[in-house]
Protein chains: 2
Amino acid sequence: MPRNHQILLRSRPAGMPSLENFEMIERPVPEAKEEEVLTRTLFLSLDPYMRGRMSDAKSYATPVALGNVMEGQTIGQVVTSRHSGFAAGDLVLGQGNWQEYASIPGKTLRKLDPALTPGATALGVLGMPGLTAYVGLLDIGQPRPGETVVVSAASGAVGSTVGQIAKIKGCRVVGIAGGSAKCRYIVDELGFEAAIDHRSPEFGESLTRACPDGVDIYFENVGGDVQRAVWPLLNNFARVPICGLIAPYNETGPTPGPGLRSVLSKRLTVRGFIVLDHEERSAEFARDVGGWVREGRVKYREDIVEGLENAPEAFLGLLQGRNFGKLIVRVASA
Amino acid sequence: MPRNHQILLRSRPAGMPSLENFEMIERPVPEAKEEEVLTRTLFLSLDPYMRGRMSDAKSYATPVALGNVMEGQTIGQVVTSRHSGFAAGDLVLGQGNWQEYASIPGKTLRKLDPALTPGATALGVLGMPGLTAYVGLLDIGQPRPGETVVVSAASGAVGSTVGQIAKIKGCRVVGIAGGSAKCRYIVDELGFEAAIDHRSPEFGESLTRACPDGVDIYFENVGGDVQRAVWPLLNNFARVPICGLIAPYNETGPTPGPGLRSVLSKRLTVRGFIVLDHEERSAEFARDVGGWVREGRVKYREDIVEGLENAPEAFLGLLQGRNFGKLIVRVASA
């Protein structure tokens with residue numbers, strides 16, 4: 001009789017989370033209720049936004065309650081279905097959370113076609129991170145050919161897609177990443193014009209040199225020191241889509257932002273967005289980015305960690321930039 | 001033989017300007033060169049942006065050079081014209097600056113029809129401040145009926161127009177102003193739903209009480225403490241057009257802005273704008289706001305100071321909110 005391993009939120013972190021904030025337990029496998037689908041988790045996505053769910057600070061989403069299973073998007077295989085839209089064996093995308101089995105309302109699931117979204121891509125370049133990049137760059141950033149785009153966390157799931165779409169749109173792309181391997185990757189593999197290592201002591205000067213014409217779009221993924229370094233380089237009428245702020249997620253004090261005077265005098269547009277508000281763009285996204293992936297014009301890299309028990313440590317690594325590519329936990333094999 | 005009194009920028013202020021930063025001198029009346037028009041200044045507009053021109057900090061416009069005439073928009077009467085578009089006696093809007101006579105390239109002048117822009121309205125509600133309000137509220141703020149609009153400096157040339165246009169668009173308008181006379185005016189005369197005195201010790205609580213449904217548009221005219229009080233009240237998807245920041249104009253230290261985390265979690269749009277970039281909206285503006293003024297749906301108030309020699313003191317008062325309505329200097333009578 002299989003058991004259901006789950007990872008719970010045991011305590012709320014102050015600042016950077018630690019392994020003690022999580023607890024792994026074993027429970028019986030649930031039964032599917034009416035209109036539900038019992039799924040066996042194959043892949044669990046780990047994403048920076050989960051840091052927000054661990055806190056009870058006011059945010060756009062309800063925090064995970066203490067003692068509850070950590071939330072997360074999963075690709076699962078249907079074990080039993082009590083919803084007419086799904087049958088045993090189907091691959092589904094849904095909110096399966098940090099656990100081996102989940103019984104999920106069928107209406108919240110999406111059936112996956114492995115020809116269109118192979119492997120774990122529905123959690124990465126062809127999923128929420130890819131849509132985040134697509135909406136943030138195109139709808140909010142509104143890139144024009146010849147403009148300079150700076151993207152932070154540039155080797156990550158969102159950042160790498162932002163940069164490659166910006167290239168397709170004719171922009172000059174400067175990526176910011178941590179460490180020489182990631183920097184080489186975004187230039188050599190992804191074709192960005194330049195990569196700047198934010199851990200380098202010459203970070204600020206290197207960034208300035210890499211942007212001789214200033215910065216027209218800063219795709220903000222991280223905040224903190226990187227944001228402070230990019231800000232003075234922004235051109236008049238620059239756009240700053242803010243999709244994440246991984247740096248201040250773990251700061252406990254107040255984190256004032258850039259002075260509004262720069263926003264006025266440079267006529268900046270600074271706009272926060274959350275991908276869940278933009279699902280109406282899913283069809284165009286799937287068509288465009290799906291096509292670019294198939295044509296090899298958008299590449300992606302996955303960092304796959306084996307076993308649910310390793311999810312907490314992998315997540316802590318994500319917050320410190322230790323992953324290289326979209327971080328995915330392989331919970332089971334199909 | 002008439003002489004030309006001029007007010008020069010004598011020194012750059014650190015923090016709040018003082019009378020010592022200005023100097024009044026007398027020079028011969030200039031002669032119009034080819035394609036120029038010699039104008040006698042009737043009205044000089046005093047506006048907060050002029051504080052920026054007094055500094056040599058990087059901004060969107062070149063500062064006034066030390067020893068040069070202070071810049072400003074004027075309504076003048078043509079004395080002699082060497083441009084085919086203008087004749088003696090015409091009323092013209094242009095960059096006449098802080099002086100009694102100016103010879104101005106004809107191509108930069110606009111002929112005024114006193115039936116359409118009576119008195120000094122071409123410097124106020126039907127001029128740059130009005131267009132600022134129109135573009136900032138409608139194009140950047142994008143008001144929807146039922147939304148709550150908060151406008152700072154609400155009895156001023158820009159703020160009073162913002163609030164009245166917002167009312168026309170079906171919004172609930174809360175104005176922030178300094179002192180009970182201005183607060184009474186914006187409620188009793190302009191019809192705003194509420195007025196909050198930013199000098200009151202209960203400012204923050206009063207503002208919160210006046211916005212039971214939060215704030216959907218914050219039209220930012222002042223920055224500083226008012227901005228800090230409004231920020232926590234912003235709703236998800238709120239828009240913040242930034243048209244001026246009179247408070248930090250006179251702060252000398254760094255003035256950090258609101259944390260980007262709020263911009264992200266509430267999906268705010270924070271956008272600076274400068275009216276000079278939006279002159280393509282002039283025709284719609286003149287049609288709409290001109291019509292509303294004629295219908296009595298948009299009211300305006302002018303604060304007219306007599307005599308060029310009083311411009312510096314009036315300008316210092318403007319920076320401290322001592323004016324009540326659009327501040328205009330009557331330099332001469334037609």
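This is a predicted model: local features need pLDDT of at least 70, side-chain atom pairs count only at pLDDT 80 or more; totals for chains, interfaces and linings use all residues.
Residues are numbered from 1 along each chain as its sequence is written, and chains are lettered from A and ligands numbered from 1 in the order in which they are written.

**Exercise 1.** Describe how chain A is divided into domains and how domain 1 of chain A meets domain 2 of chain A.

*Solution.* Begin with the bounds, which come from an automatic or database domain assignment: domain 1 of chain A covers 3-124 + 300-330, and domain 2 covers 128-278 + 287-291. Next, take the C-alpha centres of these two domains of chain A, which are 27 Å apart. Then turn to contacts (C-beta atoms, placed from the backbone, within 7 Å): 16 residues of domain 1 of chain A touch 16 residues of domain 2 of chain A.

**Exercise 2.** Work out which elements of chain B supply at least two residues of its side touching chain A, and how the E13 strands of chains A and B pair.

*Solution.* Chain B and chain A each give 28 residues to the contact. On the chain B side, helix H8 (260-265) and strand E13 (269-272) each supply at least two residues, with the largest share, 5 residues, coming from H8(B). Helices (H or I, at least four residues) and strands (E, at least two) are DSSP runs, numbered from the N terminus. Finally, consider pairing, for which DSSP must find at least two bridges between two strands: strand E13 of chain A (residues 269-272) pairs with E13(B) in the antiparallel sense over 3 bridges, and A:Thr269 stands opposite B:Arg271.

Technical notes:
Two residues are in contact if their C-beta atoms, placed from the backbone, lie within 7 Å.
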